[in-house]
Amino acid sequence: HRIFHLEDICTLITGFLSGEGYTVVTAESSEQGLRRFREESPDLVITDIKMPGRNGIDLLKDIKVEDPSMDVIVLTGHSDELTAIDCLHSGAYDYLLKPLDELDLLLASIQRAIQKRRLEASNLQLVKELEEMAIRDPLTGIYNHRHMHTCLSEEIARALRYEHPFSIMMIDIDHFKQVNDSYGHL
């Protein structure tokens with residue numbers, strides 16, 4: 001997994017996370033962080049609120065515009081309720097206070113975010129597989145009757161819209177009873 005962190009406790013967190021088996025890419029400003037985000041495609045972003053140039057909330061918003069599914073953990077030295085609300089409204093995955101006396105809190109947040117990302121990717125793959133199963137014959141892999149009706153409706157609408165001729169051809173297979181007897185009627 002690739003993780004970003006910006007700002008003053010960068011060395012501490014980089015060392016800790018590297019020891020936990022993570023690959024960490026760092027940046028010194030929000031502008032550099034956004035550039036590295038685009039180049040590296042990380043699994044997670046960790047940012048401080050205060051940094052040179054634009055602040056961490058601006059970086060969070062920029063990242064969310066480019067990739068709404070990206071999880072961003074925000075670190076801050078201020079326990080300001082309005083800042084926390086702003087971070088969470090802007091799409092932060094988590095909001096942690098510095099100093100990080102217990103790095104295990106950060107590690108737990110990272111592990112939850114990465115597990116969430118894995119589950120979302122797995123769910124997306126399962127949905128794609130279910131969509132394919134709904135429109136393909138399981139024996140042959142070719143599109144099924146249901147999909148034919150969807151395509152047929154779309155092609156008829158297209159032919160009417162562009163005033164193009166439309167034809168359909170049906171093919172009958174001789175002795176198909178043998179296929180049914182061997183593989184079943186479904």
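# A tour of the helix packing

Helix α2 passes helix α3 in a right-handed crossing; a crossing is right-handed if the near helix is turned clockwise from the far one by less than a right angle, and left-handed if anticlockwise. Helices are DSSP runs (H or I, at least four residues), numbered from the N terminus. The model is predicted, so local features need pLDDT of at least 70 and side-chain atom pairs count only at pLDDT 80 or more, while totals for chains, interfaces and linings use all residues. Residues are numbered from 1 along each chain as its sequence is written, and side-chain values use heavy atoms, with hydrogens and water left out.

**Stop 1: α2 and α3.** Axes are lines fitted to C-alpha atoms, for helices over the stretch in contact, and angles run from 0 to 180 degrees between N-to-C directions. Show side chains next: S30, G33, L34, F37 and R38 of α2 meet L59, D62, I63 and E66 of α3, contact being heavy atoms within 4.5 Å. This contact has four nonpolar, two polar and three charged residues. Ala, Val, Leu, Ile, Met, Phe, Trp, Tyr, Cys and Pro count as nonpolar, Asp, Glu, Lys and Arg as charged, and the others, Gly among them, as polar.

**Stop 2: α3 and α4.** Keep α3 (residues 56–66) and select α4 (residues 81–89); their axes are 10 Å apart at an angle of about 15 degrees. The two are therefore roughly parallel to each other. Here the crossing is left-handed. From α3, I57, L60 and K61 meet T83, D86 and C87 of α4. Three of the contact residues are nonpolar, one polar and two charged.

**Stop 3: α1 and α5.** Select residues 10–19 (α1) and 103–135 (α5), whose axes come within 11 Å and cross at roughly 60 degrees. That makes α1 oblique to α5. The crossing of α1 and α5 is right-handed. L12, I13, F16 and L17 in α1 meet L103, D104, L106, L107 and I110 in α5. By class, this contact has eight nonpolar, no polar and one charged residues.

**Stop 4: R136 and Y143.** Select both residues: R136 lies over the face of Y143, at 4.1 Å from the ring centre. A charge sits over a ring if NZ of Lys or CZ of Arg is within 6 Å of the ring centre and within 35 degrees of the ring normal.

Notes. Angles under 35 degrees count as roughly parallel, over 145 as roughly antiparallel, 65 to 115 as roughly perpendicular and the rest as oblique.
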